[in-house]
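I opened my notebook next to the model today and jotted down what I looked up. Here are the entries, in the order I made them.

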Amino acid sequence: MIRTSSTRLIVGGVASLFLATPSLAFQDLAPILENPAEPPLPPPDSLPAPSGVMHDPWSWLGLFAAVVVVLVLARARVLSRVALGGRTLRQLGAQPWWVWLIAAIVAYIAPSVGYGLALMAARSGADDLGSKALATAIAYAGALLATISVAMLMRRSAPSAGLSVKLKDSWIGAGCLLVSLPLVYASSVVSTSVYEIVTRSTIHEPIAHDMLKTIVSSRESAAAWALAGLAVIAAPIHEELLYRGFLQSAAFRLTGRPWPSIIATSAVFALGHLSAGVPSYAIASLFMLSLCLGFTFEKTRRIGVPIAMHMLFNAANIALAMLSA
């Protein structure tokens with residue numbers, strides 16, 4: 001039976017569905033590296049940057065939708081429980097914070113090691129898209145094997161830590177994503193507007209990251225679709241176990257409070273993507289996305305829900321980018 005808090009999140013999502021706009025296109029891409037010697041971690045996310053953002057009616061509709069979503073959540077009394085205290089807290093077992101941190105480090109370096117080994121095995125032809133896609137697939141295969149294995153070990157010692165997945169997580173995640181999209185888009189509108197005002201420039205690129213541009217420009221290639229598939233399936237599983245499952249749990253164990261752990265993890269998530277080439281004006285939207293994913297994880301106490309949210313988020317982003325090309 002679904003908990004009342006999850007039901008309220010979904011009710012809020014249904015209410016916000018009619019306010020979410022077609023311009024909500026987001027990025028979380030499997031790496032396509034210009035320099036094949038660089039590891040493919042983390043897969044970059046970014047938000048398409050509206051041109052002359054405050055002159056775009058979609059931007060104002062996005063801001064309005066975000067306000068309505070907040071009001072709906074408040075009316076549904078979801079926001080009144082943001083402390084996430086009492087019986088809703090995840091139980092992390094007897095493992096200290098540094099054990100969870102080591103698990104996060106293992107998950108973080110696994111794709112880099114796999115990608116490097118794949119390139120060493122294929123010394124020639126590493127510059128073409130097909131070779132990069134193959135190396136990325138091998139990297140994610142190794143990363144998922146290592147990350148899921150560590151998650152199973154941690155779950156054995158901490159069965160109530162939230163490292164579980166159920167079939168119903170998919171549609172709960174879909175409802176939670178509907179709640180999150182207007183908030184993420186609104187943060188993108190605000191951060192992009194501030195960037196344009198401060199720099200006295202206008203962002204003309206509808207796609208904010210070169211990697212998504214490569215996939216879109218090579219959409220007739222099987223390798224591009226393979227990379228898109230990795231971005232939709234492999235990247236969310238790996239990233240959610242890394243950031244939410246391990247790193248957020250380490251911060252939670254260290255602080256004993258959910259919200260500081262959610263905020264700290266979201267800062268690492270956003271800044272980590274900045275080093276991967278995401279434009280600075282997209283960091284605020286990534287931070288908001290991570291807050292939504294982290295909050296949902298603590299609220300539902302199941303990693304399957306943010307994984308489903310992340311998968312749908314990436315799929316919608318790539319589909320919209322492909323359709324708008």
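Which residues does E240 touch, not counting residues up to four places away in sequence? I looked it up: E240 touches G245, L293, I303, P306, I307 and H310. Contact here means heavy atoms within 4.5 Å.

**Ground rules.** I noted that this is a predicted model, where local features need pLDDT of at least 70 and side-chain atom pairs count only at pLDDT 80 or more, while totals for chains, interfaces and linings use all residues. Residues are numbered from 1 along each chain as its sequence is written, and side-chain values use heavy atoms, with hydrogens and water left out.

**More on E240.** I found E240 in helix 7. Helices (H or I, at least four residues) and strands (E, at least two) are DSSP runs, numbered from the N terminus. E240 has a relative accessible area of 0%, so it is buried. The cut-offs I used are under 20% relative accessible area for buried, over 50% for exposed, and in between for partly exposed (1.4 Å probe, protein chains only).

**Whole chain.** I counted ten helices and two strands in the protein chain. From the N terminus on, the elements run α-β-β-α-α-α-α-α-α-α-α-α. Of the 325 residues, 53% count as buried. I also checked contacts with a separation of 6 or more: residues 24 or more positions apart account for 83% of them.

**The core.** Next I went looking for the largest nonpolar core, and it has 30 residues. A nonpolar core is a set of buried Ala, Val, Leu, Ile, Met, Phe, Trp, Tyr and Cys residues joined through side-chain atoms within 4.5 Å. W100, M154, F246 and L286 have the most contacts inside this core. Helix 3 (97–121), helix 4 (129–157), helix 7 (222–255), helix 8 (258–274) and helix 9 (283–300) each supply at least two of its residues. Helix 7 gives the most, with seven residues. Apart from this core lies another, of 19 residues, with L129, I207, I215 and M322 among them.

I then picked F246 and listed its contacts, leaving aside neighbours within four places in sequence. F246 is in contact with W100, A103, A104, A107, T147, V150, A151, M154, L163 and L241.

**Helix 5 and helix 9.** I looked at how helix 5 (residues 169–199) packs with helix 9: the angle is about 155 degrees and the axes are 8 Å apart. That makes helix 5 roughly antiparallel to helix 9. Axes are lines fitted to C-alpha atoms, for helices over the stretch in contact, and angles run from 0 to 180 degrees between N-to-C directions. Angles under 35 degrees count as roughly parallel, over 145 as roughly antiparallel, 65 to 115 as roughly perpendicular and the rest as oblique. On the helix 5 side I noted C176, S180, L183, V184, S187, S188 and S191, which meet A284, S285, M288, L289, C292 and T296 in helix 9. By class, this contact has seven nonpolar, six polar and no charged residues. Ala, Val, Leu, Ile, Met, Phe, Trp, Tyr, Cys and Pro count as nonpolar, Asp, Glu, Lys and Arg as charged, and the others, Gly among them, as polar.

**Helix 7 and helix 8.** For this pair I got an angle of about 140 degrees, with the axes 8 Å apart. Helix 7 and helix 8 are therefore oblique to each other. The residues of their contact divide into nine nonpolar, five polar and two charged.

Where is R200, buried or exposed? R200 is exposed, with a relative accessible area of 79%. I found R200 in the loop between helix 5 and helix 6 (210–217), and its phi is positive, about 55 degrees, although R200 is not a glycine. R301 also has a positive phi, near 60 degrees, and is a residue other than glycine. R301 lies in the loop between helix 9 and helix 10 (304–324), and at 23% relative accessibility it counts as partly exposed.

E298 lies in helix 9 and counts as buried at 1% relative accessibility. E298 and P258 are 40 residues apart in sequence, yet 7.2 Å apart in space, C-alpha to C-alpha. A143 is in helix 4 and is buried, with a relative accessible area of 0%. Not counting residues up to four places away in sequence, A143 touches A110, P111 and H238.
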